[in-house]
Amino acid sequence: MGPLHIRIIALVATILIFIPYGKTASGNALLLSTLMSMLLVYCFLIWFRKNDWSWRPYALAVGFVVAALAVFSGYEAGKEVIPLIWPLLWILASMPRKLMKFSILLVVLLVAAAAALNRDHPNLSNMLIGACGLYLGCRGITFVKEAYRVSTQHLAELDAAHSRLQKAHDELQEATVHSMRYAALSERTRLARDIHDGIGHHLTSLIIQLQALEMMLPDDPQAASDQVKSMLEVARKAMSEVRHAVREWSEDESGTGLIALKGLASQVAAHSGIRIEFQVEDEERMEVPPQTSVILFRVLQEALTNTMKHSEATAVQVQLQMQSGNVVLTVSDNGGFAESSGFTPGFGLKGMIERCESAGGRVFFACNVPRGFTVRAEIPLHKEAHIS
């Protein structure tokens, strides 16, 4: 019926209403037993009523009360019987919203029966107005309580949904970091292989030439001198490759820099068979903050995914450059998209827009000529990116 203190107050009020009738009916066993039965019905409904009860307990209670009032109408104690329906009016007004129409119907029948049985009472109209006012007031309180309960329930559901979304967001962030680290590890493995194949080849060539130089020095110093120039060229190439590898490895130890972007492109190329060309303009000066790198990684990931799923492209060009304080990532394919095909951004492309806008940037989508699709993301470096 409600909180404990409400039930106690309702029981006390109901008992107080019945006391005067009990005193009057003390000499009439039938009337007294009827009063006690009615009081017990009220106490049961007040104390044990459940919100999910059907209409039947209320209908039985109304029928019992009407029958009891009919009994009172033949006795002196039944001259002012309408107050006895007040507890039932309050109980009916507390019925759940889903039973409101049935509640109103029962109240109308109950009040009409009470008025018919007590039609000669001089204050009948006031008593009926009081009964209707009691029902409407309690019904309004019930509406407020149910609205508060529903609002509280919705708030709890929203909090639970927010917690789930936050957990999913954290898991996505962790998965992205792991993906970037894996891409960076793949790229570093490729660089290590290139070092072994490229620099190892140069050093082997240099060793052979040094051995030849050792034999040439005594007999032909001029030829030996000429050989030195060739050896220096080989050494410079080896040093250039070493510097390139070291620079890429030291770009970002967390694996969120250029090396992760290149690693992602290498992975997609290896798994899809699409030829991907990755170009970095002025690579030595390219410094991208870690949070911006995460956004670029996701944009590139989504762009390449769309290319594999929808474009039927055979080649993709990825370009990273600096323009007017912005880092610009361009992904262009030679797929089947044409201007006449029509274009509506889906969930993935909308995600690109939201991520770039969270960092103060923007994204452009364009159709290539004659066919193909281009994604261009611009993110300012003077703002701290918000990872999403």
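A salt bridge is a side-chain nitrogen of Lys or Arg within 4 Å of a carboxyl oxygen of Asp or Glu. Side chains of opposite charge can pair when their charged atoms come close.

This is a predicted model, where local features need pLDDT of at least 70, side-chain atom pairs count only at pLDDT 80 or more, and totals for chains, interfaces and linings use all residues. Residues are numbered from 1 along each chain as its sequence is written, and side-chain values use heavy atoms, with hydrogens and water left out.

**The salt bridges**

The whole structure holds two salt bridges. Here they are.

| Pair | N to O distance |
|---|---|
| Glutamate 378 and arginine 362 | 3.3 Å |
| Glutamate 378 and arginine 376 | 2.9 Å |

Shared partners join Arg362, Arg376 and Glu378 into one network. Glutamate 378 lies in strand 5 (residues 373-380) and arginine 362 in strand 4 (residues 362-367), so their pair ties together parts 16 residues apart in sequence. Strands (E, at least two residues) and helices (H or I, at least four) are DSSP runs, numbered from the N terminus.

Glutamate 378 is buried, at 10% relative accessibility. Arginine 362 is partly exposed at 48%. Arginine 376 is partly exposed at 24%. Buried means under 20% relative accessible area, exposed over 50%, and partly exposed in between (1.4 Å probe, protein chains only).

**Serine 311**

Serine 311 lies in helix 9 (residues 290-311). Serine 311 is buried, with a relative accessible area of 8%. Contact means heavy atoms within 4.5 Å. Leaving out residues up to four places away in sequence, serine 311 touches Asn306, Asp333, Gly335 and Gly336.
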